[in-house]
Amino acid sequence: MNQKIIIEPVTRVEGHGKVTIHLDEEGNVARTRLHIVEFRGFERFVQGRPYWEMPVLVQRLCGICPVSHHLAAAKALDVIVGAGTGDGLTPTGEKMRRLMHYGQIFQSHTLHFFHLASPDLLFGIDADPAIRNIIGVALKHKDLAVQGVMMRKFGQEIIKATAGKKIHGTGAIPGGINKHLSPEERDMFLHGPDPLNIDKMIEWSVAAVDFFKSYHKKNKDLIDNFSVFPSNHLSLVRKDGALDLYHGVLRAVDANGKKILNDVDYQDYLKYIDEEVRSWSYMKFPYLKHLGKENGWYTVGPLARLNTCDFIPTPLAQKEFEEFKAYTNGKPNNMSMHMHWARLIEVLHAAEMMKELLNDPDLLEGELVVKGKKQYEGIGLIEAPRGTLFHHYRINENDQVVMANLIVSTTNNNQPMNNAVNVVAKKMMTGKKEITEGMKNAVEVAIRAYDPCLSCATHALGKMPLALYLYDKDENLIDEFISQ
Amino acid sequence: MAKIVNFTIDGKDCIAEEGLYLVQAAKNNGVYIPTLCNYEGIKPKGSCRICTVRINGRLMTSCTTPISDGMKIESNTEEINDLRKAIIELLFVEGNHFCPACEKSGNCELQALAYRFKIMVPRYPYTFPQRRVDASNPKIIKEQNRCIMCKRCIRAIKDEQGRSLFAYKKRGHKSEVVLDPVLGLQMSDELARKAMAVCPVGSILVREQGFIQPIGTRKFDKKPIGSEIEMSQPTK
């Protein structure tokens, strides 16, 4: 009998979605889909607004990574106010923004790993959901939970010092930044009492990477084989090939490491990237035009970034990067659960970058804003915690936005997440008549590895529960799981 | 020399020069009476009614009422504060006020009053009116979604011949405050900045200056509206 399983809502991710799994008459997985069921319409309702509102308005897409939207919009508007494409700002403007961004990467990645993902690793995928959560982690692994909370707090404090508020600040403005860092703030971050100082953050970041590597050694089958499929990978890289989360050129590699997008200027992204709309999801499917819809999809995020870049320009993270690359003999890593490993290496890189920036005197003084000849179109890209984020605006002669296109990280990961769901569902559910909690969570674990923000992706409002339903061949609901 | 008169506000003995508007007399005695359409230096209008107080038993606007000897004024009472709160809530539901993306946030008197009166959710339904953004002037943007029709700009922003650059247009619920399309073109940068400062909300915006003031340095970031009066020493 054909069946259809639906997981709705998916939990411990941000946003709202559902998974449907169709089984054929033999009980094999015939088809899977990750549906994103929210709609929001940011791209439409920003039309008519003055352009300088965009960094503050559009960041309301998200409460976890508002800084990414804030900065991507500001970078697009840098072009519009004639400040160039990323490297035309004053040293203070660029470095304050970078500090804000690395604070954001640090807090968002630690939130993801410690609060959302670690319960699966610490308690097991099929553990009782009453224990398998951050409260369970706090009760059984207090030190780890405290580290997660304090690391996130440090990142949030960096954001507050640079953007004015921990969530939804106003620091980045077209052409620069609206404030300096005060010497008191700098000293607090550099030399504040434990644990809230940068050296402790670096120490804990190293420990977090070690924790993952140690877990990996003991759980090779889960980490290496849970969800593996060949994928293209796309991200920004610095012009010299270094990992750069704030600015760079667009690079993509295929599953074997061959460059399929060779360090192109992202102002031309429309030449290379298109989006496909499918009737069953509000989230679009981006792809590389020259490879077509079938083969042009790609992965973004920590794993993709470490697959595309040549090196990491901070010493401790570079050391970890070399070990990470050696594990796949230098080839792109296509193991979904290794996303966590890559994420923690980026946490370490972000901590090292914050230390470097905090010691830079340009943060304390210097010109904040630069402007030049007005343009009427601007594109801003940034590597958000979850991957490459595109903001594209056009304005009219009255400074009003007439077009906005946002391709957020999770949208870029739409096809890979669908593939991961498919791989895991086939592995866990083939021939099974009932869905167990463990099976359902396994599908969520695959999605969770991508750290998706489904609210962001559809520009939608709300929490991110996801449900699972099981349908027979006649589309009758025969089983369901709904998590809140 | 002006005559000094005695009066009370909520039982507190106060003195002031006779004829001073009550809102100013109260301020000189360290008593804050909330205002919105009133602006120091321009003739009071009494249109918003936020400054309503009860004087010898009658509800009156304190921005337009001259002080006189023996007045017994009730201001900070549950009944009057609820009336004020209701007016603020009406202003919020009547327009489209979205503080999170408004560049006047932190400097906005309407927002500051809402915080002072602890308004969480308005008691009235939102009307979500269809309003326009007039971005045609080279110096300023007139954001009609946020205009509360206080007339401050009409009264305060004038050219050298005393002509108002702003004026009412249309009638009834379609009324709006607009910038004169001819006089508006002669607006100086200084006058544009003054217009934005005079506007109690985010309805008049100087172009390309949004969010230039960091959070933490805005007018109401650290102290609620009126607190500077309440913490001040009474002056005669």
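Predicted model: local features only at pLDDT ≥ 70, side-chain atom pairs only at ≥ 80, totals over all residues.
Begin by selecting chain A. Its C-alpha atoms fill a box of roughly 70 × 50 × 40 Å along the principal axes. For 484 residues, a compact globule would have a radius of gyration near 23 Å, and the 22 Å of chain A therefore agrees with that expectation. Shown as a cartoon, chain A has 18 helices and 16 strands.

Next, colour chain A by pLDDT. The mean is 89, and 91% of the residues of chain A reach 70 or more. Then select residues 455-464 of chain A, where pLDDT stays under 50. For this stretch the model has 47 contacts beyond four places in sequence.

Now select residues 315-327 of chain A, which form helix α13, together with residues 338-358 of chain A, which form helix α14. The two helices pack at an angle of about 160 degrees, with their axes 8 Å apart. Because angles over 145 degrees count as roughly antiparallel, α13(A) and α14(A) are described as roughly antiparallel to each other. The crossing of α13(A) past α14(A) is left-handed.

Display the side chains at this contact. From α13(A) come L316(A), A317(A), E320(A), F321(A) and F324(A); α14(A) contributes W341(A), A342(A), I345(A), L348(A), H349(A) and E352(A). By class, the contact of α13(A) with α14(A) has eight nonpolar, one polar and two charged residues.

Finally, bring chain B into view. The contact between the chains takes 18 residues from chain A and 17 residues from chain B. On the side of chain A that touches chain B, five residues are nonpolar, eight are polar and five are charged.

Notes: Residues numbered from 1 in each chain as written. Chains lettered and ligands numbered in written order. Axes fitted to C-alpha atoms, helices over the stretch in contact; angles between N-to-C directions. Helix = DSSP H or I, 4+ residues; strand = E, 2+ residues; numbered from the N terminus. Parallel < 35°, antiparallel > 145°, perpendicular 65-115°, else oblique. Left-handed = near helix turned anticlockwise from the far one by under 90°. Contact = placed C-beta atoms within 7 Å. Nonpolar A, V, L, I, M, F, W, Y, C, P; charged D, E, K, R; others polar. pLDDT = per-residue confidence, 0-100. Rg over C-alpha atoms; globule rule 2.2 N^0.38 Å.
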